[in-house]
Amino acid sequence: MKENVALYFNKKQLLYAALLFMLIKVSFSYSSILPYSELLDDILSYSSACLLAVYTVLCNDNIRFLIIYAIFGGLSCYSAFLSDQFNLFITVLVIFAIRKDDFNHIIWLIFLFELTFLLLMVTLSVMMALFNKYQLFADYGGRIRCSFGFWHPNTFSIYLFNIILMWIWLRYNIIRWKHYIGLFIVCLIAYLFSDTRTSFILTIISLILLYFSKRHNKTRWLRLIAIIIAPVLALFIALSVNLYTSSNSIILWLDQLLNTRLKLGSYAYYHYGFSFFGQNVFRYDITFDPYWNLSSFTFDCVYTYFMMCGGWLWLIMLCVMFAVLSVKCNNRIRLFVIIWCLYAITEVQGINCFLSFPILMITFVLQKTGRFVVAHSVKKMIAQ
């Protein structure tokens, strides 16, 4: 009995070490004031991936599950090498690794680390600014903004938004009006310093959806939206990207509203086309073209990223998994499905589970009790 307990303890350390390595990698790589290197990044990435794989195999003796794990792990690794983007691969490994673990506990550990790191970054940046060692406010495209020690104000907002979402998840059943007010004040202060409109607007939308999800626990419209939102947005953005070059007035207006995200997606589609398993679109140099008027390229949208870079396969899988969750689970999970899908329009970081935790909810689908449903233990956890 003692040996089994010791073995279980050692297995857990593998998972915690893997999560810690990835949290350090993600957090430190986004800091502009803490030392970091590509060598350290590689060490943390490979170590974490290996530990996650070993932990998953050691904790599961079901052959059918291990076969599924090998298939999806292999496909995600294949897509990662094709696209030279490994965020999704790590996210897939984490989703499989935490299948048998307490989901709330995992989110609490990530929340605690990221909150501590955020407070550390804010404190260090302010103190360094007082001693003229760091410029707290800087000009970003004609806008004076504060990044609090992160590489960019948007990065700071992404990090903070994920912390807010994790706090809402963990405190969902005891949130009261004072919490709504407190969260609004926090995101308002962050907006005044960082001038990141996207995160501010999405936080407001999240608080509104939170109110309705708690007030009307069996609201059919919330369930319906959660089921269809991912495929609807994916198809709409695919159509918009395809029609962008037709100079449709509505598409152009939406592109301005989304800060040229449709234009960037259309550029990638025009030059590289759609990809089912993924392709590396970043290996090509951007040459100036008077039509596109681009000197650099990125996606800033999960949907266009999967269509042209990460692979359509994973976008289809996400739509299916989120639909299954929305059908089988309650408003707590539906709320975060909707938030993730909306957030995915404006940020590609949604595929990184350490910067957008709701994607980890897919682990619930892997828990089976006879049929392909959410396990009783998860339902019990959600009801708490």
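Trainee: How many cavities of 30 Å³ or more are there?

Mentor: Rolling a probe the size of a water molecule over the atoms shows where empty space is left. Here the count comes to 2 cavities of 30 Å³ or more. A cavity is a set of points, on a 1 Å grid over the protein atoms alone, where a 1.4 Å probe fits but cannot get out; lining residues have an atom within 4 Å of a point. Grid points are joined across faces, edges and corners, and a volume is the space filled by probe spheres set on the points. The model is predicted: local features need pLDDT of at least 70, side-chain atom pairs count only at pLDDT 80 or more, and totals for chains, interfaces and linings use all residues. Residues are numbered from 1 along each chain as its sequence is written, and side-chain values use heavy atoms, without hydrogens and water.

Trainee: Which elements give two or more residues to the lining of the largest cavity?

Mentor: The largest cavity holds about 80 Å³ of space. Helix 6 (153-170), helix 7 and helix 8 each give two or more residues to its lining, where helices are DSSP runs of H or I, at least four residues, numbered from the N terminus. Phe 161, Tyr 191 and Phe 200 are among the lining residues.

Trainee: Where is Asp 195 placed?

Mentor: Asp 195 is in the loop between helix 7 (177-194) and helix 8 (197-215). Its phi is positive, about 55 degrees, although Asp 195 is not a glycine.

Trainee: Which helix supplies the largest share of the lining of the second largest cavity?

Mentor: Helix 3 does, with 4 residues. The second largest cavity holds about 60 Å³ of space.

Technical notes. 1 Å grid on protein atoms, 1.4 Å probe; cavity = no way out; pocket = protein on both sides within 12 Å on 5 of 7 lines; lining within 4 Å.
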